[in-house]
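Subject: Handing over a structure, with notes on its fold

Dear colleague,

I am passing this structure on to you, together with some notes for a reader who has not seen it before. Please look it over before you turn to the notes below.

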Amino acid sequence: MITVLFADDHEMVRIGVSAYLSAQADIEVVAEANDGGEAVEMALAHRPDIILMDLVMEEMDGIEATKQIIEQWPQAKIIIVTSFLDDDKVYPALEAGATSYMLKTSKAGEIADAIRATHAGQSILEPEVTGKIMTKMRTPQEDGLHEQLTAREMEVLLLMTEGKTNQEISDQLFITLKTVKVHVSNILGKLGVQDRTQAVIYAFKHDLAK
């Protein structure tokens, strides 16, 4: 079972989405939060596999809650579920540590699929979000960073853009899981990024992905 914490200050939204998710054979909503402060407390108390996080909430917003959760529990996987695509929401949320970014206009089934994909190690971004990131300021200093990657590291990076987990990359390239982790670490270092999501974003921004 994939355990989920859902943070949203609209009770009817929580009830509807939670009911749908709990009806799935592989997903269980273990807690709900009404604001960011509660989300932080419940995330650390329940340690769910996935956290669904609204952005605009009273007391503490989703960006600050995401930041505090990641600071105390770096392994947390947080999916932003919001109505907002403003630059002052998208970039801070991803920089705070969110793994995926979904819109509330998404169908319930799409959110369930995003939960499964994020749990498997993928990063799910709405097309509009990907477009914003790809057109974000691009400095000359970062343009050639990927040229430092070895041929094998580039292979690993491209598989990461396809949403492959470390284990799947290991199986496909016939290399050990430990070797994959070393390659991923080298990729992050050479690209000057902090995590897989940012590495994938870099690849899309620089037209490296297929």
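Predicted model: local features only at pLDDT ≥ 70, side-chain atom pairs only at ≥ 80, totals over all residues.

The UniProt record, an unreviewed entry, lists residues 3–119 under "domain: Response regulatory".

The model has an open sheet of 5 strands, which are arranged in the order β2-β1-β3-β4-β5 and pair in the parallel sense. At its edges are β2, which covers 27–33, and β5, which covers 100–103, and each of these pairs on one side only. On average, neighbouring strands of this sheet are turned by 25° against each other, if direction is ignored.

Within the sheet, strand β1 (residues 2–7) is joined to strand β3 (residues 50–53) over 4 bridges, again in the parallel sense. As one point of reference, V4 has I50 in β3 as its bridge partner. Helix α1, made of residues 11–22, lies across β1, β2 and β3, and its direction is at about 160° to that of β2.

Helices α2, α3 and α4

Helix α3 takes part in two of the helix pairs described here, one with α2 and one with α4.

Helix α2 (residues 36–46) packs against α3 at an angle of about 20°, and the two axes are 9 Å apart. Because an angle under 35 degrees counts as roughly parallel, α2 and α3 are described as roughly parallel to each other. The crossing of these two helices is right-handed. On the α2 side the contact consists of G36, A39, V40, A43 and L44, which meet A65, Q68, I69 and Q72 of α3. Sorted by class, the contact of α2 with α3 has 6 nonpolar and 3 polar residues, with no charged residues.

Helix α3 itself spans residues 62–72, and it packs with helix α4 (residues 87–96) at an angle of about 10°, with the axes 8 Å apart. That angle makes α3 roughly parallel to α4. Here I63, T66, K67 and I70 of α3 meet D88, K89, P92, A93 and A96 of α4. The contact of α3 with α4 has 5 nonpolar, 1 polar and 3 charged residues.

Helices α9 and α10

From α9 the contact draws on N166, Q167, I169 and S170, and from α10 on L177, V180, K181 and V184. By class, the contact of α9 with α10 has 4 nonpolar, 3 polar and 1 charged residues.

Notes:
Residues numbered from 1 in each chain as written. Heavy atoms only, no water. UniProt positions renumbered as here; feature names shortened; annotations may be inferred. Pairing = 2+ DSSP bridges. Axes fitted to C-alpha atoms, helices over the stretch in contact; angles between N-to-C directions. Contact = heavy atoms within 4.5 Å. Nonpolar A, V, L, I, M, F, W, Y, C, P; charged D, E, K, R; others polar. Parallel < 35°, antiparallel > 145°, perpendicular 65-115°, else oblique. Left-handed = near helix turned anticlockwise from the far one by under 90°.
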